[in-house]
Amino acid sequence: MPVVEFIEDVAVDAELDRQLRQLLSTCFTKPEDIVFRDRRYFHLSPRWRWLVRGDGGELIAHVAVHDKVIGTIAGDVRIAGVAEVCVHPQHRGQGLVREVLATAHVWLAARDIPVALLFGDKKHYASSGYRNITNPLRCQNPETKEWSVKPSDWIMMKPLRVFDWPAGVIDLCGSGF
Ligand SMILES: CC(C)(COP(=O)(O)OP(=O)(O)OC[C@H]1O[C@@H](n2cnc3c(N)ncnc32)[C@H](O)[C@@H]1OP(=O)(O)O)[C@@H](O)C(=O)NCCC(=O)NCCS
């Protein structure tokens, strides 16, 4: 079983910042992912991170989580916004995503956060309990600042406790994460 470390993003020091940027740059290789050379987040800085290290102390797996409130027709809901899930290419296929997410889910549920959301592919996250949701999403394009309301094929939800997921528009109150 891997040791899964937890850290608040505000506690990240210069050396861990370097290691995070290195892992994120290694794993995320689309042209726009070049941002990870200079910063350890894509659009927004997350509040929490979970990490796994290899035998030499190098980072090999990572999950970031945003502490967010979304608007729904049933009222505001605090959510864990899961982002920047990655595993170093030499350590993939060993269940590290499932392990890191399972640790994060227990921690988040203990803080009474009812739901985790992420943008991703179900082939990676279905076995961790995520399912696609079809609600229209209201969100802002971080570049153009334009707002739109439309469903996403990529947004997935996992209840962290018994929770009735609402129908209707989900307002991200900002950009995707
Ligand atoms: C996506 C990524 C994190 C998966 O890492 P991993 O170590 O292979 O993950 P795990 O071994 O924990 O596998 C998790 C699930 O994903 C599935 N999976 C992983 N890679 C897959 C692939 N290429 N094709 C199909 N399924 C895949 C696994 O089979 C597993 O599903 P299961 O539990 O139903 O068997 C890794 O490939 C990565 O870092 N990619 C680059 C960054 C990225 O795209 N992150 C996702 C952002 S949403």
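1. The buried residues of H1 (buried: under 20% relative accessible area, with a 1.4 Å probe and protein chains only) are covered by elements that include E1, E2, E3 and E4. Cover is counted by contact, meaning heavy atoms within 4.5 Å. Helices (H or I, at least four residues) and strands (E, at least two) are DSSP runs numbered from the N terminus.

2. This is a predicted model, in which local features need pLDDT of at least 70 and side-chain atom pairs pLDDT 80 or more, while totals for chains, interfaces and linings use all residues. Residues are numbered from 1 along each chain as its sequence is written, and side-chain values use heavy atoms, without hydrogens and water.

3. Leu16, Asp17, Gln19, Leu20, Leu23, Leu24 and Cys27 are the buried residues of H1. They lie on the same side of H1, because they cover an arc of only 165 degrees around the axis; the arc is taken from the directions from the helix axis to the C-beta atoms.

4. Helix H1 (residues 14-27) lies across E1, strand E2 (48-53), strand E3 (59-70) and E4, at about 95 degrees to E3. Axes are lines fitted to C-alpha atoms, for helices over the stretch in contact, and angles between N-to-C directions run from 0 to 180 degrees. Helix H2 (residues 96-110) also packs on the sheet, touching E1, E2, E3, E4 and strand E9 (155-159), and its direction makes about 140 degrees with that of E2.

5. The open sheet has 7 strands in the order E1-E2-E3-E4-E5-E9-E6, with mixed pairing; two strands pair if DSSP finds at least two bridges between them. Strand E1 (5-8) and strand E6 (131-132) are the edge strands, each pairing on one side only.

Key:
Buried < 20%, exposed > 50% of the residue type's maximum accessible area, 1.4 Å probe, protein only.
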